[in-house]
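Morning, everyone. Please have the sequence and the structure open while I talk.

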Amino acid sequence: MKKMLQLALGIATSVGGFLEIGSVTTAAQAGASFGFQLLWAILLGTLCLIFLVEMSGRIAAVSKHTVVDAMREKFGFNFFIIVLVSVVLVVVMVLAAELGGIALSMQILTGIGFPWWALPVALVCWALLWKGKFSIIENGSSVLGMVTLSFLVTAFKLHPRWSNVASGLVPSLPTHDRAGYGFIAVSILGASISPYLMYFYSSGAIEDKWDETYVPVNRAIAVLGMSFGGLLSMGVLVGAALALMPLGISVDTFHQSALLMTTALPKWGFFLFAASMAFACLGAVLEISLAVAYLFAQGFGWNCSEDDAPDRDARFTFVYTVIIIVATLPLLFGFDPIRITLVSMSLTAATLPIAVVPFLFLMNDPKYLGDHRNGWVSNTVVGLVILLAFVLSIVSIPLQIMGG
Amino acid sequence: MDVIRDVLDKQLLDSDGMKMGRVDGLVMQFGERTQPRITHIEIGGPTLAARISHRLPKLTRRLAKVWGPRRLEPVRIPWSKVERLGRDVRLNVRGRETGAMAWENWLAKHVIDKLPGSKAK
């Protein structure tokens, strides 16, 4: 029972890492432009993520190494620095998008433009990391994240035809706008599968002192936690397909995506949408900032614990402070968070092999995992989805850029 | 013992179990008649920079002169201080007293402690 309470880590990882501005925007765009047709991308992303998260927890529980610890040890510093640089470059953009998501939620609630909100939002997020302990961040994110269940309520209240929904789970070719279709598919995969999520989850498993007896619990947490995020994303897509597509609304602005909830819930929809986005993005900001700080600290072997006073692990604290400042800058200058989201999600997909392929090698190394190493199913599923995400991104990102 | 596989890049712990960096480099001595042996463990930026490119340390030295704890030489811990080799490398030294924590201490003093509430959670 005590172990199942660790589900909070799974839900927190899922709310912060999965259902955030990236997943909501890409799922809303998919639904608005292609109906249920892109549901398969969310299904595939969720499936791959379940496997990756399960692996990240397993390596931590069995070897007492986080993903990053093991990567630095096995592949050496020169390889680690490549992963570090590529992950950080992409993740700073993702972080800007998430901070922007909170700021945009404040904008639609108050009418005051998001650039004005950027600084106070960043300050609140930073203060939570500065003063909060790991368990507060973990449990707080998962409790507040429950508001996002309203996306699922929305989907149900719009009464979709379930046979049509089911057919969207099978991949099919679009009848129009192939480049756009591919690009949204890539962005959905990038929004679902993010390396920082693996770093956060395995660090959480170490902070919560998991051992080998957690292997079965870890599996349950990965499946339940990530399915939670996946289902909610599907809820967004279904809601957008039913509420926005008939009106011919394509989701280019944050305000337009709010319509998917106000159609089903006229009275509370607007407020619920803003609250859902604000809390989901808040979870993401905390998770991403911590994951980057862990990436540095573990890669370089620094002392760090989110439970220590900030000046006991100054380098760790310094990293999340700096990355939040850097990610706030584009918002202050008024860069559109929705644009940043789409660019950063597709770039995440394109750079996935750098972080995931070596991780697969690690997961097959008996030195770290002994009898708990990967079977062929997990290797194949993750390998194929990452390959698909990579190939799709190589094809569709240039097409998207050329098509404007 | 396969030194590269078993020691290089491993986590270093001090005598209190505090993480004090990783084995970023190893200093070896080659004698004419004796077996080559490890004499020191190196920790920190200059050693890592040299692993990427032998030209990089010049640049990092120049940067180190203007900002940070102004430590120009790599941190070296004698191999004799190694207490245990396992999942981590445990050293018989106090981490905060070695140069390995120079940046940590510098950032704590000059950046983190300037912000309110840095001493407690």
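Contact, for today, means heavy atoms within 4.5 Å. This is a predicted model, where local features need pLDDT of at least 70, side-chain atom pairs count only at pLDDT 80 or more, and totals for chains, interfaces and linings use all residues. Residues are numbered from 1 along each chain as its sequence is written, chains are lettered from A and ligands numbered from 1 in the order in which they are written, and side-chain values use heavy atoms, with hydrogens and water left out.

Start with A:L52. Leaving out residues up to four places away in sequence, A:L52 touches A:I193, A:M198, A:V356, A:F359 and A:V382.

Now the cores. A nonpolar core is a set of buried Ala, Val, Leu, Ile, Met, Phe, Trp, Tyr and Cys residues joined through side-chain atoms within 4.5 Å. Buried means under 20% relative accessible area (1.4 Å probe, protein chains only). The largest core holds 155 residues. A:L52 is among those with the most contacts inside it, and so are A:L38 and A:F273. Its largest share, 21 residues, comes from α4(A). Helices here are DSSP runs (H or I, at least four residues), numbered from the N terminus. Another core, of 16 residues, lies apart and includes B:L8 and B:V75.

Next, helix α14 of chain A, residues 314-332. Just after the helix, A:G334 takes a positive phi of about 85°.

Key:
Helices (H or I, at least four residues) and strands (E, at least two) are DSSP runs, numbered from the N terminus. Buried means under 20% relative accessible area, exposed over 50%, partly exposed in between (1.4 Å probe, protein chains only).
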